[in-house]
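Please look through the structure below with the following paragraphs at hand.

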Amino acid sequence: MSTRIAFLKGHGTENDFVIVPDPENAIDLPPAAVAALCDRRAGIGGDGLLHVVRSAAHPEAKDMAAEAEWFMDYRNGDGSIAEMCGNGVRVFARYLQHAGLIPEGDLAVATRGGVKSVHLAKDGDITVGMGKARLPEGEVTVSVDGRSWPARNVNMGNPHAVAFVDDLAHAGALYAPPPFSPASAYPDGVNVEFVVDRGPQHVALRVHERGSGETRSCGTGACAVAVAAARRDGVDPAVTGTPATYVVDLPGGRLVITERPDGEIKMTGPAVIVATGEIDSEWLETAVR
């Protein structure tokens, strides 16, 4: 007789996720299983999977258990492991609230990119402390359909290449990862953002997320874009002593990104749980053979 595995479906600015609650880390989720679950035609469908585990029960998070009870074991839609997912953290927190495991207010979430501070506001928005951006030296170029642009290398716990373009259509179909050079800049692949200006401290983007393709939203990408736009505009809160806030429009909605003088980046936006259900473990076993 087949058993059932509980799941939920959620999204943050339409960056959507399969959520698998597994407090004791008892469910085996190899890459093929994650890819099957995230398949939009043969599975549940999602840009990625949020495996919800107590930090103390996961070997990669045990050292963070004293700071954060819960670990976001995040996987890309193709089953590969990622360090961080900004929209995923908001949806992860919303799930914990939905399940009655946390109230409104402040929360710490363990991720492969470190412990992230989260605030669940009464108005429904969720703010995530995304840490500080690193700006590796060196020139990077990204290309699409014969066009090439210089890109800003920004690391938000995961790598980003931010290119400012005249028209978002120049990003092309974004089915395949946009070529970049030099290859040594991103040995493990990169998330590529194409950005246009909408107004003062207001930008819009399209993004190709490594392992997922073009997505409707990318939280770490929005943060990387805000930092890159600020530096392009000659703004550095560490120098001015004043926070810099950028509005970032994504295909799936809007995020507000603030970089503080101490370098900490805050991302604010919505997160929604849209469905709950059960996975047939017999189907899952068949799907990964």
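Not counting residues up to four places away in sequence, Gly269 touches Arg90, Asp125, Ile126 and Leu255, where contact means heavy atoms within 4.5 Å. Gly269 has its place in strand 17 (residues 264–269); helices (H or I, at least four residues) and strands (E, at least two) are DSSP runs, numbered from the N terminus. At 3% relative accessibility Gly269 counts as buried, a term that stands for under 20% relative accessible area, with exposed meaning over 50% and partly exposed in between (1.4 Å probe, protein chains only). The C-alpha atoms of Gly269 and Gly124 are separated by 8.7 Å, although these residues are 145 residues apart along the chain.

The model is predicted, so local features need pLDDT of at least 70 and side-chain atom pairs count only at pLDDT 80 or more, whereas totals for chains, interfaces and linings use all residues. Residues are numbered from 1 along each chain as its sequence is written, and side-chain values use heavy atoms, with hydrogens and water left out.

The largest nonpolar core has 51 residues, and those with the most contacts inside it are Met72, Val118 and Ile257; such a core is a set of buried Ala, Val, Leu, Ile, Met, Phe, Trp, Tyr and Cys residues joined through side-chain atoms within 4.5 Å. Helix 3 (residues 219–232) gives this core its largest share, nine residues. Ile257, leaving aside its neighbours within four places in sequence, is in contact with residues that include Ala222, Cys223 and Ala226, as well as Tyr246, Val248, Ile265 and Met267. A second, separate core of 17 residues includes Val144, Trp149, Val165 and Tyr186.

Helix 1 (residues 31–38) is where Leu37 has its place, and in this helix Ala33, Val34, Ala36, Leu37 and Cys38 are buried. What covers these buried residues includes strand 2 (15–21), strand 3 (48–54), strand 4 (70–76), strand 18 (272–280) and helix 5 (281–287). Leu37 itself has a relative accessible area of 0%, and its contacts, apart from neighbours within four places in sequence, include Val18, Leu29, Leu49, Ile279, Trp283 and Leu284. Leu37 and Pro103, by contrast, are 66 residues apart in sequence and 29 Å apart in space, C-alpha to C-alpha.

Strand 4 also holds Asn76, which is buried with a relative accessible area of 5%. Among the residues that Asn76 touches, not counting those up to four places away in sequence, are Val34, Asp47, Ala82, Arg210 and Ser212. Asn76 is also one of the residues lining the largest cavity, together with others including Tyr74, Glu83, Asn158, Glu209 and Thr220. This cavity has a volume of about 70 Å³, and the structure holds two cavities of 30 Å³ or more. On a 1 Å grid over the protein atoms alone, a cavity is a set of points where a 1.4 Å probe fits but cannot get out, and lining residues have an atom within 4 Å of a point; grid points are joined across faces, edges and corners, and a volume is the space filled by probe spheres set on the points.

A search of the whole structure finds three aromatic pairs. Rings of Phe, Tyr and Trp (its six-membered ring) pair if their centres lie within 6.5 Å, with planes under 30 degrees apart counted as stacked, over 60 as edge-to-face and the rest as tilted. The rings of Trp149 and Phe194 have centres 5.8 Å apart and planes at 80°, so this pair is edge-to-face. Because Trp149 lies in strand 9 (residues 147–155) and Phe194 in strand 12 (residues 191–199), the pair ties together parts that are 45 residues apart in sequence. Trp149 is buried at a relative accessible area of 10%, and Phe194 is buried at 0%. Phe180 and Tyr186 also form an edge-to-face pair, since their ring centres are 5.2 Å apart and their planes lie at 85°; Phe180 is partly exposed at 25% relative accessibility, whereas Tyr186 is buried at 3%.

Turning to the backbone, the peptide bond from Ser181 to Pro182 is cis, with omega near -5°, and Pro182 is found in the loop between strand 11 (180–181) and strand 12. Glu14, although not a glycine, has a positive phi of about 65°.

Key
1 Å grid on protein atoms, 1.4 Å probe; cavity = no way out; pocket = protein on both sides within 12 Å on 5 of 7 lines; lining within 4 Å.
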